Amino acid sequence: MDKREIREFVVGLLKEKLLLFDISGDELNDKFDLVKSGLLDSMAFIDLIAETEEKYEIEIDFEKLADSPGFSTMGGLISFIINA
Amino acid sequence: MKEILAYKLQSAFHEYKDNAALRIGDDVLSYGELHQMANAIANDITAGFPDDKSPVAILGAKSFMTYAGICGALLASRAYMPLNLKFPDSRNEKMMQLSGAKIIVADVEAKQALERLGENYKIISEVDGANSTNIPLAVVPEDTAYLLFTSGTTGTPKGVPVSNRNVCAYLDHVSKQWQIKENDRLSQTFDLTFDLSVHDMFLCWISGACLCIPEDDSPFKLASYIREQEISVWFSVPSAAVLMDRMRLLKEDKFKGIRLSFFCGEPFPAAIAEKWQAAVGGSELVNLYGPSEATIAISSYSWDNINTKEKNGIACLGKIFEGQESLLLDTTAMRPAESKGELCLGGSQVIDAYLGDAELTKKYFIQLDEHPEKTWYRTGDLACIDEEGDLFFLGRADSEVKISGYRVNLQEIDAIIRKATGSNSVASILHEKQTAVIVSFVGGIQDPDDRSILQACRKELPWYMIPERIIFVDKMPLNVNGKIDRNALKQMING
């Protein structure tokens, strides 16, 4: 798996939400914070990670994730998944 | 003096002068320092409006200034009223108007929000310390100690004024039942607009313990917060434990530094209670229950290896606090029921009335033929009681639901959407997925535009009341009584 692939998968999961919040693909850059922006609540963020775990057959260490800077931004999340 | 919150606070400031009262990250404020800051603010409040009795609004992040502002309001013989930086401006403005507050104590984080709130208020945003002498207290037990707002049915939040007598009755009971020690470190996970934060602050300070403030209020950081701040007494909504469970954090002995855990604010899943207890090494876990109108909490159930009572997977609410009263109401006959009905509460913790709303007060605070001299607060919670006198939550009698512990009246959301769309056919429901979310249905409008509806909601409502999505229907499904068929709506989502 590479960054581009994971990004596409995550964007796919967020599709409906992005439409509702009127957020374009351009805005969803590495710095975009999925939680602080209000796009996802904390449980929805965990659901998103759970789906990613299932898809790529990985297990995320949530405590480490929460301690890594910018973990709820697109870029932060994607690099954490790659290194998981 | 026993029933005055400011008096309890003053005694603690003297008795525990050198103890740590507040901790934010590595920054610590002692009781003596907090006292000095609070007194300086109290003198500012009194100098500005010496004869005024209106509540003092508090606007800010969880900073030393904010907590000192709360103490300062009380030491100035006033009530405090928390605003919330995360609320839309219109909500904070409404609270200012309804309360008649003239003074806002604000920290640096509140700067922009203050500019938007207008210039009609006296703002205290600095502590100059020029005058930090004690002001003689002029408070009677009936005076309001804090004023909070909760979701109403009409689009206007309901003001809940909690008196000094109410809150002191709560603190006296809780501090006797669960002794907090000077070396305890208490959590503070709740927003200050949530009355459970009152428990955090004052149970801590009357005991000489240290209140530990999370530097980052992201719920994902709770585990590192517990670890870094060495929390020994925990208090949160059950949702926080559910989230930690989904993060696979509730492992055996993971948080065994916690010697006492409180949960309150929403139904507590028994399975999570069990996992939490294992994670805290089997230490005491207390499930509290109570509406803001009965001051923080009014019943408790201690959950342990042997006492694991539950109903439909929801932990028992336990018994009403000693000295407080409850009855189950048969709402058809309007008389006490045997073992099942709407839970009504009475006693020194129950407030007398909503703020400035006689009609609403009459609806929720009632007298019964059996005890005409007594007033009962109708909680809207359906409950049953077992042979041992333990209460169980069965559901709601009205359109109020809970989102992460916050009370949400679905009709308040409907009112906002009706206004935004002009449609008279609006129904919001609670959709229970992993967690509960709100879904709003709108019927019979020409140009469905869910974005503009959501924008209107974001402008008027706190974040936890914003629907997750809007579904447009040609016609609302109706039941045989001609009412909107909420079960059919729920099926539409699931199907």
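The angle between two helices is taken here between lines fitted to C-alpha atoms over the stretch in contact, and it runs from 0 to 180 degrees between N-to-C directions. In this predicted model, helix α9 (residues 238-246) of chain B packs against helix α10 (residues 270-279) of chain B at an angle of about 70 degrees, and the two axes are 10 Å apart. Angles of 65 to 115 degrees count as roughly perpendicular, and α9(B) and α10(B) are therefore roughly perpendicular to each other. On the side of α9(B), the contact is made by B:Pro238, B:Ala241, B:Val242 and B:Asp245, and on the side of α10(B) by B:Ile272, B:Lys275 and B:Trp276. By class, five residues of this contact are nonpolar, none is polar and two are charged.

In helix α4 (residues 89-99) of chain B, the residues B:Arg91, B:Asn92, B:Met95, B:Met96 and B:Ser99 are buried. Viewed down the axis of α4(B), these buried residues fall within an arc of 140 degrees, so they line one face of the helix. An α-helix has 3.6 residues a turn, so residues three or four places apart point the same way. The face of α4(B) turned away from the buried side carries B:Ser90 and B:Gln97, which are exposed. The cover over the buried residues of α4(B) includes β3 (56-59), β4 (80-82), α5 (111-117), β7 (144-150) and β8 (158-163) of chain B. Just after α4(B), B:Gly100 takes a positive phi of about 75 degrees.

Further along chain B there is a sheet. Three strands form an open sheet in the order β26-β27-β28 (chain B), with mixed pairing. At its edges stand β26 (426-432) and β28 (469-473) of chain B, each with a single partner strand, so one side of each is left without a neighbour in the sheet. From one strand to the next, the twist averages 30 degrees. The strands β26(B) and β27 (residues 436-443) of chain B run antiparallel and are joined by seven bridges. Within β27(B), B:Ala436 is the bridge partner of B:Glu432. Helix α14 (residues 486-494) of chain B lies across β26, β27 and β28 of chain B, and runs at about 60 degrees to β26(B).

The last topic is the meeting of the two chains. Here, 11 residues of chain A are in contact with 17 residues of chain B. On the side of chain A that touches chain B, α2 (42-56) and α3 (62-67) of chain A each supply at least two residues. That side of chain A has five nonpolar, two polar and four charged residues.

Notes: Residues numbered from 1 in each chain as written. Chains lettered and ligands numbered in written order. Predicted model: local features only at pLDDT ≥ 70, side-chain atom pairs only at ≥ 80, totals over all residues. Buried ≥ 20, exposed ≤ 12 C-beta atoms within 10 Å, placed from the backbone. Helix = DSSP H or I, 4+ residues; strand = E, 2+ residues; numbered from the N terminus. Arc of directions from axis to C-beta. Contact = placed C-beta atoms within 7 Å. Parallel < 35°, antiparallel > 145°, perpendicular 65-115°, else oblique. Nonpolar A, V, L, I, M, F, W, Y, C, P; charged D, E, K, R; others polar. Pairing = 2+ DSSP bridges.
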